Amino acid sequence: MKRDVVKTVKARSQKWIALCLLLVATITVVMMSTDAAYHSAFSFSGEIKTAAFDLAANGTGTASQNFDELRMEPNKDYTRTIKIDTSKCDVDRMDVFVTLNVQTTGTVPFGFMITMDGEAAGNGTAITLADAQKSVNNMVLGFRWNLGDGEDAQTYKDFSFSYTVTVEGRQKQ
């Protein structure tokens with residue numbers, strides 16, 4: 001009888017172990033299925049390049065350019081045109097800043113004047129071309145020396161001037 005009791009206890013223990021293993025297996029399968037149902041993955045790829053910022057003045061992107069020398073006569077107008085081309089700039093918004101610097105030597109004639117786009121200009125004059133993206137703008141520099149009646153041009157024989165025009169493009173935020 002003792003033997004029957006031991007067999008019965010062993011059989012019940014084995015059933016409980018089998019039942020527990022079955023329960024653990026069921027829970028594991030359910031958990032794995034649930035995890036799979038809430039897990040998703042996505043992958044994206046792309047290429048990023050810098051936008052072209054090809055600011056050109058007078059047909060070239062060269063940083064420094066020289067105009068031919070001018071020999072001014074009294075009471076005559078002289079002009080220089082600077083073509084500012086932003087048509088190859090890929091940026092959405094940009095401003096262009098044009099700054100004039102003038103250096104003089106000798107006695108400056110009373111009637112000497114410089115203009116930028118028809119407006120009086122001098123050393124440090126700056127003009128902003130707002131929202132100048134994808135466009136071509138012509139900036140006209142004018143020079144004139146008005147000699148007054150009875151004034152002697154020889155008085156100004158030592159006068160000379162040089163000028164620098166800086167063109168700067170700046171992307172807006």
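Q: Which residue in β6 does V98 stand opposite?
A: Let's start with a pair of facing residues in this predicted model. Strand β3 covers residues 94-105 and pairs with β6 in the antiparallel sense. Across from V98, the residue in β6 is I127.

Q: Over how many bridges do β3 and β6 pair?
A: Two strands count as paired if there are at least two bridges between them. Strands β3 and β6 run in the antiparallel sense, and their number of bridges is four.

Q: How much space lies in the largest pocket, and which element gives the largest share of its lining?
A: The largest pocket holds about 1,100 Å³ of space. Among its 33 lining residues, the closest to the centre are F67, D68, F161, S162 and Y163. Two or more lining residues come from each of β1, β2 and β8 (160-171). The largest share, eight residues, is from β8.

Q: How many charged residues are in the lining of the largest pocket?
A: Sorting the lining by class gives 16 nonpolar and 12 polar residues. The remaining class is the charged one, and its count is five.

Q: Is N75 buried, partly exposed or exposed?
A: You can find N75 in the loop between β1 (56-57) and β2 (77-85). Its phi is near 60 degrees, a positive value in a residue other than glycine. Buried means under 20% relative accessible area and exposed means over 50%. N75 has 41% relative accessibility, so this residue counts as partly exposed.

Q: Where does D131 lie, and what is its phi near?
A: D131 is in the loop between β6 (126-129) and β7 (136-145). At 40% relative accessibility, D131 counts as partly exposed. D131 is a residue other than glycine, yet its phi is positive, near 50 degrees.

Q: How far apart in space are K76 and L147, C-alpha to C-alpha?
A: K76 is found in the loop between β1 and β2. Leaving aside neighbours within four places in sequence, K76 is in contact with F143, R144 and W145. K76 and L147 are 71 residues apart in sequence, and their C-alpha to C-alpha distance is 9.7 Å.

Methods. Residues numbered from 1 in each chain as written. Predicted model: local features only at pLDDT ≥ 70, side-chain atom pairs only at ≥ 80, totals over all residues. Heavy atoms only, no water. Buried < 20%, exposed > 50% of the residue type's maximum accessible area, 1.4 Å probe, protein only. Contact = heavy atoms within 4.5 Å. 1 Å grid on protein atoms, 1.4 Å probe; cavity = no way out; pocket = protein on both sides within 12 Å on 5 of 7 lines; lining within 4 Å. Points joined across faces, edges and corners; volume = space filled by probe spheres on them. Nonpolar A, V, L, I, M, F, W, Y, C, P; charged D, E, K, R; others polar.
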